[in-house]
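Thank you all for making the time this morning. Please have a look at the structure on the screen while I walk you through it.

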Amino acid sequence: MRNLFAAAIVLAAGSIASASVSHYLLPVDNTSGYVDSQAPTSADHYTFDLMISVTGGDDWTSSAVVGNLTAGTFYQHPFGGDTEPNSALFGSFPALAYDSFFAAPAALFDNINPGFASGPVWTDTTVTATWFDTPDTGDGDYTLARFTIYAPGGPVGTLVGSSTAKLSGGDLIPFNLNIPIPAPGSAMLLGLAGLAIRRRR
Ligand SMILES: [Ca+2]
């Protein structure tokens, strides 16, 4: 009995470690970029931040992502690069804030950038990258990447990948995120529909 109890504690500790880092997509209001002499955004541009939530004294160390769009194309501002754009230029080029780019956990637009182990490789409809940082940036919710998608009919795609964090060592903490972001109600309805189908059998 004591052994079972110990095993349960080990299992619980393992799940707490991997649960201290989680991913989600955050829609970003990009309307202030509509007026831009270089590359204006519009109502047909949709901006999402790939977010990481770090809790329990953990620390993000790296992520890998494969992004695929089946509707829409990635937006790249001509003055942007693969990392956070220079906020000093936002006054003249407000859409630069909605460039597609990768970030390291810290405040947005602080010019603290990640390193890349591979990529990023962009096409109009795909992106792959593996990025990392070495400072212990600790708990918080951080933007890991920003993706703006031009999609007159609405964007459709997936972001699939994994992250590593300090407390879980080399464990890969997976994510599989959909664009558009499913409404909380629709996921629940799908679950209920599945339950109904199972019950009918
Ligand atoms: Ca870019």
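Predicted model: local features only at pLDDT ≥ 70, side-chain atom pairs only at ≥ 80, totals over all residues.

Let me begin with an open sheet of five strands, whose order is 6-7-3-9-10 and whose pairing is antiparallel. Strands here are DSSP runs of E with at least two residues, numbered from the N terminus, and two strands pair if DSSP finds at least two bridges between them. The edges of the sheet are strand 6, residues 115-122, and strand 10, residues 173-179, each of which pairs on one side only. On average, and with direction ignored, neighbouring strands of this sheet are turned by 10 degrees against each other, where the axes are lines fitted to C-alpha atoms and angles run from 0 to 180 degrees between N-to-C directions.

Residues are numbered from 1 along each chain as its sequence is written.

Within the sheet, strand 3, residues 60-71, and strand 7, residues 126-132, pair in the antiparallel sense over seven bridges, and Val65 has Ala129 in strand 7 as its bridge partner.

Let me now turn to strand 8. Ten bridges join strand 2, residues 45-54, to strand 8 in an antiparallel arrangement, with Tyr46 bridged to Ile149. Strand 4, residues 73-74, also runs antiparallel to strand 8 and is joined to it by two bridges, and here Thr73 is the partner of Tyr150. Strand 5, residues 101-102, pairs with strand 8 over two bridges, again in the antiparallel sense.

How many of the eleven residues of strand 8 are buried? Eight of them are, and the strand is mostly covered; a residue counts as buried if 20 or more other C-beta atoms, placed from the backbone, lie within 10 Å of its own.

Ala145 is buried because 25 other C-beta atoms lie within 10 Å, and its bridge partner is Phe102. Leaving aside neighbours within four places in sequence, Ala145 is in contact with Leu50, Val65, Phe101, Phe102 and Ala103, contact meaning that the C-beta atoms of two residues, placed from the backbone, lie within 7 Å. Finally, Ala145 and Thr83 are 62 residues apart in sequence, and their C-alpha atoms are 8.5 Å apart in space.

Terms used
Buried ≥ 20, exposed ≤ 12 C-beta atoms within 10 Å, placed from the backbone. Helix = DSSP H or I, 4+ residues; strand = E, 2+ residues; numbered from the N terminus.
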